[in-house]
Amino acid sequence: MDGRKMLRRAAVCILLAAVFSRGKEAEAAFLFQPKQAPVDLRLLETTDLHGYMLNYDYAARSEVETYGLALTASLISQERKTAKNTLLFDDGDLLEGNDMAAYAARRPLKKGEVHPFIKVMNHLQYDAATMGNHDFHYGLDFLVQTIRGAQFPFVNANIYYNFGKNDMDEQNFFKPYVILDKKVEDRLGRHHHLKIGVIGFVTPSVIEWEKPGLQGRVKAKDIMQTAAHFIPKMKQEGADLIIALAHCGVDPPAKQPFYTGDAVYLLSQVKGIDAILFGHQHRVFPSEVFAGVPGVDIRKGTINGVPAVMPGRWGSHLGVVDLTLEKKGGSWVVSRAKSEAKPVYAILSQQAKSVVRPDPDIVKMVAELQRNVLGSRFTLFSGE
């Protein structure tokens, strides 16, 4: 055999050995690849919008830089782009609170008509929402008619029909909870179906505050007792994860009576709740306001170890909860969590400036309504 043939044969052997070696490495890599990879899930929350679809001050008749759902929507878009799996929720107090809200509620909705605020939420593809105490301001009939136009579920577990003291068959007035079937992608690109339970609560004080429209028709139950009743049922129905939408505040436990409207702290101690999205107080959580409260970690954004967020008011912030889920013993568990309320503005040279531009679609959707509000003599406090 001449030298050239020997060199060619040697080269082929080396090439085959390299291919075989890489094949074995690939096979080994496949064999040692984890069968379950973590799932990163981002929860987004708005709350206490009070009719502020736009970044507009109706008292000053001028645009603003620090609030408005048109600005918050741009943050929502950004957060969705940087996460594989997201869910969007609203925590109530949507329908009452400014001139636009009052104008929109001045007459009953026609059959098949969708409330303009619900149209905006449908456009933003909310996954679920709950009611705040102000959403009952225009009466039960208006509220029920309004939420019928939503392409996502509204849930509330602690408002019941009031059939009298002798009623033995108590009925929820609204759907108490929903279990969403969410297709998610893990870190290896594999897909899974998560059953995500969402339950809603409102401060029981709503019955007193909105007595003219509610008295005799509905009653409110204690939030803690209600949670203890429904959470096990949601688990039995297969919920992998349970999210509480709580339109009630949070205060240190020393301030809380048993029957409380500020029940979030106690709600965080209910076994089975994996995250709490709350509102009502118009504060920001996590923030320095809550520093030093026992069980509260403002760095991680947790209350008694449960991730929680409260994003201010009027769309000033977007609540963001990042969860890492891992499959252990056949069940999905939260292995890591961090919460943050992201503002739509930044303070530059002692002046607030929005960090995003208003969502043009939302501006367009409510443009005619805005013109009607500004062009009429109707005002929130006119009594008309």
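In E5, which residue is the bridge partner of phenylalanine 89? The partner is alanine 128.

This is a predicted model, in which local features need pLDDT of at least 70 and side-chain atom pairs count only at pLDDT 80 or more, while totals for chains, interfaces and linings use all residues. Residues are numbered from 1 along each chain as its sequence is written, and side-chain values use heavy atoms, with hydrogens and water left out.

**Overall composition**

The protein chain holds eleven helices and 19 strands. Helices (H or I, at least four residues) and strands (E, at least two) are DSSP runs, numbered from the N terminus. Of its 384 residues, 49% are buried; buried means under 20% relative accessible area, exposed over 50%, and partly exposed in between (1.4 Å probe, protein chains only). Among contacts between residues at least 6 apart in sequence, 72% join residues at least 24 apart, where contact means heavy atoms within 4.5 Å.

**The five-stranded sheet**

An open sheet of five strands has the order E5-E4-E1-E16-E17, with mixed pairing. Strand E5 (128–129) and E17 stand at the edges with a single partner strand each, so one side of each is left without a neighbour in the sheet. Two strands count as paired if DSSP finds at least two bridges between them. In general, strands of a sheet pair through backbone hydrogen bonds, either parallel or antiparallel.

| Strands | Sense | Bridges | Residues opposite each other |
|---|---|---|---|
| E1 (residues 39–46) and E16 | antiparallel | seven | leucine 41 and leucine 323 |
| E16 and E17 (residues 331–343) | antiparallel | twelve | lysine 327 and tryptophan 332 |

E16 and E17 form a hairpin with two residues between the strands, and glycine 329 takes a positive phi near 60 degrees there.

**Nonpolar cores**

A nonpolar core is a set of buried Ala, Val, Leu, Ile, Met, Phe, Trp, Tyr and Cys residues joined through side-chain atoms within 4.5 Å. The largest one has 56 residues, of which Met53, Met100, Phe136, Ile159 and Phe174 touch the most other members. Elements that each supply at least two residues of this core include helix H2 (69–81), helix H3 (99–104), strand E16 (317–328) and helix H11 (367–375). H2 gives the most, with six residues. Apart from this core lies another, of 34 residues, among them Phe230, Ile276, Phe285 and Met310.

Leaving aside neighbours within four places in sequence, methionine 100 is in contact with Gly51, Met53, Leu54, Tyr58, Phe117, Val366, Leu369, Gln370 and Val373.

**Helix H4 and its end**

The buried residues of H4 are Phe117, Ile118, Val120, Met121, Asn122 and Leu124. Isoleucine 118 has a relative accessible area of 0%. Not counting residues up to four places away in sequence, isoleucine 118 touches Leu94, Thr146, Gly149, Ala150 and Phe154. Isoleucine 118 and threonine 146 are 28 residues apart in sequence and 7.5 Å apart in space, C-alpha to C-alpha.

Just after H4, glutamine 125 takes a positive phi of about 60 degrees. Glutamine 125 is placed in the loop between H4 and E5 and counts as exposed, at 56% relative accessibility.

**Other backbone features**

Most residues other than glycine have a negative phi, and most peptide bonds are trans. Serine 349 also has a positive phi, near 50 degrees. Its place is in the loop between strand E18 (345–348) and strand E19 (351–354), and serine 349 is exposed, with a relative accessible area of 75%. A cis peptide bond joins phenylalanine 285 and proline 286, with omega about 5 degrees. Proline 286 is found in the loop between strand E12 (284–285) and strand E13 (296–297).

**The largest pocket**

On a 1 Å grid over the protein atoms alone, a pocket is an open set of points where a 1.4 Å probe fits, with protein on both sides within 12 Å along at least five of seven lines; lining residues have an atom within 4 Å of a point. The largest pocket is lined by 17 residues, of which Arg107, Glu113, Pro116, Lys119 and Leu369 lie nearest its centre. H3, H4 and H11 are the elements that give two or more residues to this lining, and the largest share, four residues, comes from H11.
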